[in-house]
Amino acid sequence: MKQTIGLLTKYFGEGIEVQTGLRDETFILLKDASRIKEAMELLRDNGFSMLIDLTAVHYPGREKQFELVYNMLAMEPLLRLLLKVPLEGEYPEVDSVSSVFKTANWYEREVFDMFGIRFKDHPNLKRILMWEDYEGHPLRKEFPLEGDNLHCYD
Amino acid sequence: MTDIKKEIDIKTDRMIVNMGPSHPVTHGTLHIVLELDGETIVASHTNIGYLHRGVEKLGENRTYQKFIPFTDRMNYTSSINNNVGYTLAVEKLLGIQSPPRAQVLEVIACELGRIADHIVCIGINAVDIGAFTAFLYIFKYRELIYDIFSRMCGARLTTSYTRIGGVSRDLDDETIRLIRDFLKEFPPAIDELEALLTKNRIFYDRTRGIGEFTLENAIQYGYTGPCLRAAGLEWDLRKKMPYLGYENYEFEVPTGTRGDVYDRYLVRVEEMRQSVRILKQAIENIPEGPVIIEDPKIALPPKEDVYNTIEGLISHMKLIMEGVRVPAGEIYCATEAANGELGFYIVSDGETKPYRIRVRPPCFPIFSSFDEQVQGHMVADAVAILGSLNIIAGELDR
Amino acid sequence: MGIETALGNTVLTTQLSKIVNWARKYSLWPMPFGTACCAIEFMSMQASHFDLSRFGAEAMRFSPRQSDMMMVMGTVTRKMVPVLKKIYAQMAEPKWVIAVGACTCSGGFFRSYAVQQGIDRILPVDVYVNGCPPRPENMIRGVMEIQKLVEQESLIDRKERIAAFYEQLEKMDYETDYRPADKILR
């Protein structure tokens, strides 16, 4: 793990912040969202061969209200790494990593569907879980649990 | 795809075939649109979300305990593995461990759940290919597992067996006897299943070389579980990062070589045998002791205390009305469910409800590779591939 | 009565609808519309242990055009609603509908933005089966309830009942009839 952090700091310098959370979980914060593709390529070439999960969290109170969480796995030696990328704005846009990891394709569609975060250069950025002309992004905090319209997909 | 293109010189008009959302092979609600050239699949477009129930959003609005029933209904063929995965994540967040007896009970539950899941997957995959007999033979044993589950936790399918810090009920002698009987009866049944399918010429021809997937591709797509092992990588979280004391059990991780439907079937069959092996070790060595930790802030007090003492009543009421208070922070905790890596990413802000709860479903990344996998195959092969991937819509869409 | 006294015990007079219903009772052709967990229990019901064929309803048809009894099993999401409507429209008369499980009957505990809160807002449901998921015995009971209905109801009665359902559905105002969940639930 230290090796990976060393590698990332060597490459990104100040752009990286290492956080230690609850139960010794290590998170790496990538401050500049536009460099996410570089970071993913770097990690992929250095053993983190699998993108296990990609999701987002909405923090309405913060200045950068969205946070993407890339969950990476290295198999040999076994390491897990959570890379967080804060995003600014109501409908932020970041680079798609689906050319780096094929599995990111659907994960990014899901994040777009649920949070309204757009991904640049995504091959097929459409809603995946809700139907196409659905309004609103359900996992945003201001979205009511019951939904704000009762109409069905037709 | 190119090979088949070379063989077939005659091109026909592209035909669109629609499968689903209500179609017998989709086992649930998936929508697949296939583009065909004759009978060869040229392109496929999948459409999911027909069982999106908003579980993650509901989780943000429920207390930590009240989310347990939702985990049942995600992978409904092996709910108990989901229960264990979720409570392990919350326990990690709280920094506690369930007592040794509870851990062994959870292992027993997990392995029974794994067998039940593989039975459904193999049985249905065989039905889709045309072998109905195997389904009828093997489903009898699923009923036996259901009997064990209903004695363990009172429900056949939606178990909600685990609690934060342990399990809800202890095993009684009758259940242990049932499990012993099952372990005696089941290995011959696996042999029977293999006699029906493994060397069956039709089954072999329908599955060998179908849906072949290279290891690099599988890793690129984030495969986990039996599908990844069938592609040739010995990867099992029970071995690689043991939880619940899996390091104390002797078992092997089967792998395939070609990553096709047949290999996936073989890996699943072998995994059932290994699960029986784990169960045999676990059932003989159940330690004595409590099944849930004694912490009035986390675990419900025993019923006698609730009815007879004021402290018990208050802590019961507090837990039910308010819930468990979890320290602020975030964790990711993964377990090896029957389908692959089931992860829970929980963000807590110190309240009794999770701030964000994310379920990493095993079959979501697996299914995203379906479009690529079926290209160049026949329509009937798409059915075989879909069955072997074991897509559970509840888990896929959440 | 008249004809029986004339011809003795060789004939039996009855109502036409009665004899038709008696014949139809044991030849239900179910169409399993399984979406979620209840469909797994349905598999158990169909498999050897519980064996639905004892009740004359084992001829599963996955094509709606060949079946006259729809068993809706599992959560019906809003994305699924038009599909369900379409499949119902394609079914052969007299279109019996069983709503199996809590989610289908009322939305169950999935009170969220994505789930249709009960299919009786879109289809005329004949029998509700409770449970989450219901045990196979309970599902079999649901089929038996349908058999009872088949026995009692003539085809004309049924047509009138379904027409009345759609009339009522049209009068219903979605905005006012749909009550958001209590605040306590949140």
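Colleague: Let's start with C:Asn138. Why is C:Asn138 called buried?

Modeller: Buried means under 20% relative accessible area, exposed means over 50%, and partly exposed is in between (1.4 Å probe, protein chains only). C:Asn138 has a relative accessible area of 18%, so it counts as buried. C:Asn138 sits in helix H6 (residues 136-152) of chain C; helices here are DSSP runs of H or I with at least four residues, strands are runs of E with at least two, and both are numbered from the N terminus.

Colleague: Before we go on, what sort of model is this?

Modeller: It's a predicted model: local features need pLDDT of at least 70 and side-chain atom pairs count only at pLDDT 80 or more, while totals for chains, interfaces and linings use all residues. Residues are numbered from 1 along each chain as its sequence is written, chains are lettered from A and ligands numbered from 1 in the order in which they are written, and side-chain values use heavy atoms, with hydrogens and water left out.

Colleague: Which residues does C:Asn138 touch?

Modeller: Contact means heavy atoms within 4.5 Å. Not counting residues up to four places away in sequence, C:Asn138 touches C:Val129 and C:Asn130.

Colleague: And what makes C:Pro30 buried?

Modeller: Its relative accessible area is 0%, so C:Pro30 is buried. C:Pro30 belongs to strand S1 (residues 30-34) of chain C. Leaving out residues up to four places away in sequence, C:Pro30 touches several others, including C:Ala57, C:Met60 and C:Met71. Its C-alpha atom is separated by 8.9 Å from that of C:Pro64, 34 residues apart along the chain.

Colleague: How many helices and strands does chain C have?

Modeller: Chain C has eight helices and four strands, in the order α-α-β-α-β-α-β-α-β-α-α-α from the N terminus. Of its 186 residues, 52% count as buried. Among contacts in chain C between residues at least 6 apart in sequence, 78% join residues at least 24 apart.

Colleague: How do you know that B:Arg156 and C:Glu41 form a salt bridge?

Modeller: The rule asks for a side-chain nitrogen of Lys or Arg within 4 Å of a carboxyl oxygen of Asp or Glu. For B:Arg156 and C:Glu41 the closest N and O atoms are 2.8 Å apart, and the rule finds one salt bridge across the interface of chain B and chain C.

Colleague: How much area do chain B and chain C bury between them?

Modeller: About 3,000 Å², with 68% of it on carbon and sulfur atoms. Buried area is the accessible area (1.4 Å probe) that two parts lose on being put together, summed over both. In chain B, the residues that lose the most area to chain C are B:Tyr50, B:Arg53 and B:Arg156, together 20% of what that side buries. In terms of contacts, 34 residues of chain B meet 34 residues of chain C.

Colleague: Last one: what makes a nonpolar core, and which residues have the most contacts inside the largest?

Modeller: A nonpolar core is a set of buried Ala, Val, Leu, Ile, Met, Phe, Trp, Tyr and Cys residues joined through side-chain atoms within 4.5 Å. The largest has 103 residues, and B:Ile108, B:Leu112 and B:Phe186 have the most contacts inside it. Helix H5 (residues 100-129) of chain B gives the largest share of this core, 15 residues.
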